[in-house]
Amino acid sequence: MNPQLLWLIPLLPFTGFLINGTVGRKLPRAAVSGIALLCTAIPAIIVATLWASILGGGSGILAVASAPWIQVTGFSVNFAFAVDHLTAIMLAVVTGVGFLIHLYSVGYMAHEDGYWRFFAYLNLFMFFMSVLVLSDSFLLLFVGWEGVGLASYLLIGFYFTKTAAANAGKKAFIVNRVGDFGFLLAMFLLIQHFGSLNFSTVFSSISASSTQGGFLTAIALLLVVGAAGKSAQIPLYVWLPDAMEGPTPVSALIHAATMVTAGIYMVCRCHTLFDRSPYALGVVAIIGALTAIFAASIGMVQNDIKRVLAYSTVSQLGYMFLACGVGAYTAAIFHVMTHAFFKALLFLAAGSVIHALSGEQDMRVMGGLRKKIPVTFWTMLMGVIAIAGIPPWAGFFSKDEILYRVFVSDNPIGKLLWLVGLVTAGMTSFYMFRLLFKTFFGEQRFAEHAGAGHGHHDDAHAGHGHGVHESPWIMLFPLVVLALLSIVGGWIGVPKALGGSNEIEHFLDPVFGGGVELAKSAAGASEIGLAVVSVVVALLGLAVAYFLYVVKPGTAGAFAQKAKPLYELVLNKFYIDEIYNAIFVTGLLGLTTALFRSVIDFGLVDGSGWAASNGAKGLASVTRKMQSGNIRSYAGWLALGAAAVIAIMIFGLHNIS
Amino acid sequence: MNLDTSILTLIIFAPLVGAIVLALLPDRGKTMQWGALIVTLITFGLTLHLPAHFQSGMPAGSFQFVTDLPWIAAPAIRYHLGVDGMSMWLTVLTGFLAPLGVLASWNTISERKKTFYVFFLLQQVAMLGIFAALDLFLYYAFWELSLVPMTLLIATFGRTAARRDAAAKYFLYAFIPSAMLLVGMIWLYAQTGTFDLPKLASLAASHGISSNSAALWLCSLAFLLAFAVKVPVFPLHGWLKDAIAEAPTAAVMVLAGKTGLYSILRFSFAIFPDESHRIAPLMIALGAIGVVYGALIALTQNNMKHLAAYSTLGHLSIITLGIFTFTIAGVDGGIYQILNHGISGGALFILMGILYERYGTYDMRDYGGLAATLPWMVTLYVITTLSVVGLPGLNSFVGEFLVLSGTMQATIAEHHVLWTVIATSGVIFGAAYMLVMIQRVFYGPASNPNGSAPRDLDAREHLALWPMVAVMVVMGVLSPYWIGSIDPNGVAISHQTSSSTSAPQQHFRRAENAPAYARDITSASATQGVK
């Protein structure tokens, strides 16, 4: 493949953004979506040819560079792209899933105002996301990193007349900026120590030196701050659930399949750095495990179908972090990939449900939809089984790989982390089947002609209420494709112990190299044992959900009543938003107003200015007497003054020293 | 006479001729607007001669397009003009902003138009003169000249009854330190017998100005204070909020930043290298604090102009921080950021002025939901906001990134890592107040502050804004074009640290902190060696 084609992968979506963003308002809808689809389809085809060449035995290593972007004496950064096997996987996910979601959006957004704006933003996102994964340097990666954040901001706030949506967009951007703060500092340290931000320069310097920890730990931890922001990890996960204010295809594409995995991608990309700092890796693992179980616990009690999926995403991202933290980068990327399939599917299916119910998102008023929207049901079922970790669906292989790697890792609390992961797996299975049962099983709890203004809509997708209906083929086609991928997508990573050949591991070997040698060779039996345990746990979650929501509906409510304080605590997401708000918003603003604004700015800065000007006025009233109006006396004063000044300057100051 | 030697004179005096012509023309219809537009466009066209004929790769400290004529024999004052990469781009920027300022004032200034445009053009003369003058006395004439039209613009065309106070405050803040600057200059002349900047700079490099280090130190402080007030550097920003709140858009666009920062770079650093290094740790601290301080206070404002005033403080602080790091990245980034601030800040003020023209208020509590009815307005406002918050791909990111990465390497200050962390946290607060403003003005339920029909940008406003937006993008993507000619300034200024800074106390300080630095230096050189 001609490496110059790489430029087209980001530039075509950018062209689409420019066209739709400027003249899209005046174009017919078919033209708007046609442009947007074309500008994402061609990059997907380019990536497909890239894969064809890789599978045909090509190396898959490509690089292109242009003139410098920033250049000062001693430091420069080019616009440069590079492709290796890791980028190839990310590109396939981004362009493939991205195209499917563009397709779905054509149907989903058909009745919305601002159609052109939506597709312009979506293309803008594709531009920045491909820059992110293609970039050859930290700084260009950061361009994509901030850019996807911008696209996310614009799309979360798509329904900007809604205060909640505008707030959510702003919150996402600002929380991500906290992460960027860490990322920036990491880059400053990298420049200080390596004089460069190119991946190859930095990583080969690290490989060639024997430095362990030290400033590498500092850099790694600062990068973790960045990754925690983008990939919604504790303590910066708070923006992602709110981001569900955006249209559902956005949740699927940006807030599940692609953008939020950028943090994991970044950590994997920097594995050379992280491998030198066991401390930083330990932090990553602990953050990941805590986030996984914490978000899963919240997901178990949410009633909004998209919120359940949002917390589920946070939790799954926690798994990927956990994998990175034990050095199982291949497993993390494997899970990024399968998660992109099944979570995009779940969101799109949820969107189809919402579409069918004309904007309803509350699962308490759903139920019994299985027969009404069968295609949505069956495809969503594939996604639920996949995420629950039941073989041979995709999620089982990637999640099990992570759990196994955690179990056999060198981490001193590896077994504990594994247990947390295992419990989370059970919880995941439970809340996903809870979602499925509440939505598709049981009795109908919705009004047949649910129209606009019914219940509360977190998604303003309402207004064409014409009864419960299956979605059009343009929305169902992506669902079917993703459902198939959710089934077979994991088969490229079947471990040897289960009779597979773990192709993805070999595929990523050139990137992660020795990092994956950790696997204990004699672990075949225990690997099978662990797999059995996690399947049992997943089935247990399924069984509990089946009992609580199908066999004896109402039992869950009774439980909640019995443990009301606990239930309230979890339902209200442990009041984290409220605590953050009190500290970082009210507290900071209060402090600023009280101290900076009143005392320093008004008191000291203005006060001293006032004192100076009053002093000057006082002086003026004295000097006014000198202003006799007589020109000769002015000249005299001027001469005297100048003489005094010069005299002081020449003679006076000599005496000081 | 060769055009290269007379071009700076033409640039400076074109607006002066224009001002005289305008003063003689009758103030009828749109004569004044068109007249000012034509004059500023001609001036801008003339400034473009500079980058077109600029010789890159000249040694640091050399000036181009030089005119050097005797003016007054005794004291020796010369009409000495010339530019290097830094002052060339500042001249072009000044030329670029002027016609846009005229367009922004087109309808807003409806009375006493002649006074307004004449003062506006005189302000141009003063600023262009400041950037080109290489003789201290000539420079001082332009410096003082810049004070008068600005004060009168604020006092005459201010928005509210507080305009006179604001103008008086501005004048006092600027004038009192300027008097000290004059004293310092006279002392310098008494010591050296010259006002010529290149001569003074070479004397300074060989420690030949004065052997009286205390007097030099005081003199450097007089210079720095005059410049720092004009920037303004935190906490000398007492005049900024009122002046920005009152001044008309075209005046606000050139009110703060450029001249003060340029003067520090050109005069303080060249004439007082050792003293500038001595005070650098303090200035780095003030810069870093100013970034966060400005952003936090901006976050608590309801008035857009007040918000913009503190935002300006924050952005100027980061430039102050950058240039005082005495690192290549810090100085290059700082100079680049002066240009960026002129563009992005200017665009923001024009946009705010357009809102004010339509709705008669700067109070954000009166606004909301304008995005639904003013799609172009919101588009350009958001792009400008993204430039201001330093989104990569737009202009300000390049400058801020270089400044902050320079700060991380600024061993001149003991706690440079701390100051880097503090200043970098500005990216969070900066985004916060700008996005809060966007939300309050454009998102949420629709509002209509004064009941007028929604009116999106008209052709004149598009014409004023799109050049700025285009420059934001181009300067964000093709920065080497500008930085290439700025870089010699950065190299020269940062090299002062190693060569001319042989003042004993510096060595002493170095030695004192040896462990911390030594560790960094050895690890850096170790990795360098590895490479």
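Trainee: How many bridges join strand E1 to strand E2 of chain B?
Mentor: This is a predicted model, in which local features need pLDDT of at least 70, side-chain atom pairs count only at pLDDT 80 or more, and totals for chains, interfaces and linings use all residues. Residues are numbered from 1 along each chain as its sequence is written, while chains are lettered from A and ligands numbered from 1 in the order in which they are written. Strands (E, at least two residues) and helices (H or I, at least four) are DSSP runs numbered from the N terminus, and two strands pair if DSSP finds at least two bridges between them. E1 (residues 64-72) and E2 (residues 77-83) of chain B run antiparallel, and the bridges joining them number 6.

Trainee: What percentage of the residues in chain A is buried?
Mentor: A residue is buried if 20 or more other C-beta atoms, placed from the backbone, lie within 10 Å of its own. Chain A has 657 residues, and the buried part is 56%.

Trainee: How far apart are the end C-alpha atoms of residues 133-413 of chain B?
Mentor: UniProt, in an unreviewed entry, gives this span as "domain: NADH:quinone oxidoreductase/Mrp antiporter transmembrane"; such annotations may be inferred rather than shown by experiment. The span is 75% helix and 0% strand, and its end C-alpha atoms are apart by 32 Å.

Trainee: How many helices does chain A have?
Mentor: The secondary structure of chain A includes 2 strands. Its helices come to 25.

Conventions:
A residue is buried if 20 or more other C-beta atoms lie within 10 Å of its own, exposed if 12 or fewer, and partly exposed in between; C-beta atoms are placed from the backbone.
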